[in-house]
Amino acid sequence: MPVQAAQWTEFLSCPICYNEFDSSGHQPISLGCSHTVCKTCLHKLHRKACPFDQTPISTDIDLLPVNCALLQLVGAQVPDVQQVSLSSAAEVENYEACKVCVEELAVYLKPISGAKGVAALNPSVLSRPMQRKLVTLVNCQLVEEEGRVRAVRAGRSLGERTVTELILQHQNPQQLSANLWAAVRARGCQFLGPAMQEDALKLVLLALEDGSALSRKVLVLFVVQKLEARFPQASKTSIGHVVQLLYRASCFKVTKRDEDSSLMQLKEEFRTYEALRREHDAQIVHIAMEAGLRISPEQWSSLLYGDLVHKSHMQSIIDKLQSPESFAKSVQELTIVLQRTGDPANLTSLRPHLELLANLDHNADAPAPSWEELESVMLAVKLVVHGLVEFIQNFSKKSHDAPQPQANSKYKTSMCRDLRQQGGCPRGTNCTFAHTQDELEKIIIHCFTKASMPSI
């Protein structure tokens, strides 16, 4: 039975014996499938296959080179020379060049290296998505054909994320927020703020989760009546725009009737809040992408939920909506941004390397790269990631020391009930709920601005 793989942050220790990698008894050996196990545990395997995904190990274990990038991260002694089994001296030279690139990139993971083989996740100049993609690259076994294919895909993914981060570094959060909601409104839709939108979606679900079919007018009226007690600003127009957002997301099965309003029924796959909310969020992200906006998972979480807890949820939606063409389009968008800003960091010099990465075949069944191609990819990845780090350290206008919003805070994301029901609030300015619509909107934009800071 396959062994449960470790979390991505636990990349400095053997996932079988849990010992931190070292240069003697627990040397890290990466397999073609990109799982890394210590040499001692590999020799104890009952069958010559990866213990996690059962991929056969085609090369003799003693001929697989030690992962020196991981050794340097744990502070262990790195072997001066390692013999590798390749068909020619030229291939060995290409391998060594690629290996050096990966080891130089791995240095950017050093700040998150912790004791006992677990990443401490101390502040790093790279965002969490960049760290995770870099860990994937570091665990690729380059002497194996499958490992080289995986390394190319990991390199392309790192390049794509680098472009996104550079675009985010140049954006004005307040202007980005305004542009997003303008794009949503231009499509006849609306977002009412985290608390009100959540309640509206739950009421739509309440009305339709049993398979009921209602006209749009009846559905909107039902939601407005239920919302009025908590959100007196709810109107048929605003809720109608929320329903339109779900309609654009294809959440409804619509039945037309002669000389009468059409009936709307929730599709069966969207009759849970989690499923409906995911499709709702995906539609807003899709609208943003159509409008050429790049928004980080942290920003999305703050905008749609008023907290930072939903970063992973939003990242998964972004990843699913990415297309092979989006990388090349992002490179073009970055070029336009740099022309507008004057490009003080000379990031335009990265364009050939980014275009090389954007043109790589992203499919899992892509043919293995030649050694010359692999070397050019690894060099391009090293240069673009280094360019991002240099920009963040020397040119970024976003403060790394700015406080982040609390992870699970709903601070002022809904209206104060005491003020609404009794005409006054005994907590006054200390109240954690909003007292005016302006205050509500300002807090949402404030959370969005804070979340636009580089992720640590």
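**Figure 1. Residue types in the lining of the largest pocket.** The lining of the largest pocket divides into 15 nonpolar, 14 polar and 16 charged residues. The model shown here and in the other views is predicted. In total, 45 residues line this pocket, and those nearest its centre are K133, S157, R161, Q315 and D319. Two or more lining residues come from each of the helices α4 (128-138), α5 (145-169), α10 (273-290), α11 (297-305), α12 (311-321) and α13 (324-341). Helix α5 gives the most, with nine residues. The volume of the largest pocket is about 1200 Å³.

**Figure 2. The largest nonpolar core.** This core has 70 residues, and L134, L137 and M378 have the most contacts inside it. Helix α15 (residues 371-394) gives the most to the core, with twelve residues. If neighbours within four places in sequence are left aside, M378 is in contact with C98, C101, V102, L137 and A151. Another core, of 29 residues, lies apart from this one; V204, L219, V220 and F231 are among its residues. In soluble globular proteins, nonpolar side chains tend to be buried together.

**Figure 3. S250, a residue with positive phi.** S250 is not a glycine, yet its phi is positive, near 60°. S250 sits in the loop between α9 (236-248) and β4 (252-257). Its relative accessible area is 39%, so S250 is partly exposed.

**Figure 4. D343, a residue with positive phi.** Phi of D343, also a residue other than glycine, is positive and near 50°. The loop between α13 and α14 (351-358) holds D343. D343 counts as buried because its relative accessibility is 13%, and buried means under 20%.

Note on methods
Residues are numbered from 1 along each chain as its sequence is written. This is a predicted model: local features need pLDDT of at least 70, side-chain atom pairs count only at pLDDT 80 or more; totals for chains, interfaces and linings use all residues. Side-chain values use heavy atoms; hydrogens and water are left out. On a 1 Å grid over the protein atoms alone, a cavity is a set of points where a 1.4 Å probe fits but cannot get out, and a pocket is an open set with protein on both sides within 12 Å along at least five of seven lines; lining residues have an atom within 4 Å of a point. Grid points are joined across faces, edges and corners, and a volume is the space filled by probe spheres set on the points. Helices (H or I, at least four residues) and strands (E, at least two) are DSSP runs, numbered from the N terminus. Ala, Val, Leu, Ile, Met, Phe, Trp, Tyr, Cys and Pro count as nonpolar, Asp, Glu, Lys and Arg as charged, and the others, Gly among them, as polar. A nonpolar core is a set of buried Ala, Val, Leu, Ile, Met, Phe, Trp, Tyr and Cys residues joined through side-chain atoms within 4.5 Å. Buried means under 20% relative accessible area, exposed over 50%, partly exposed in between (1.4 Å probe, protein chains only). Contact means heavy atoms within 4.5 Å.
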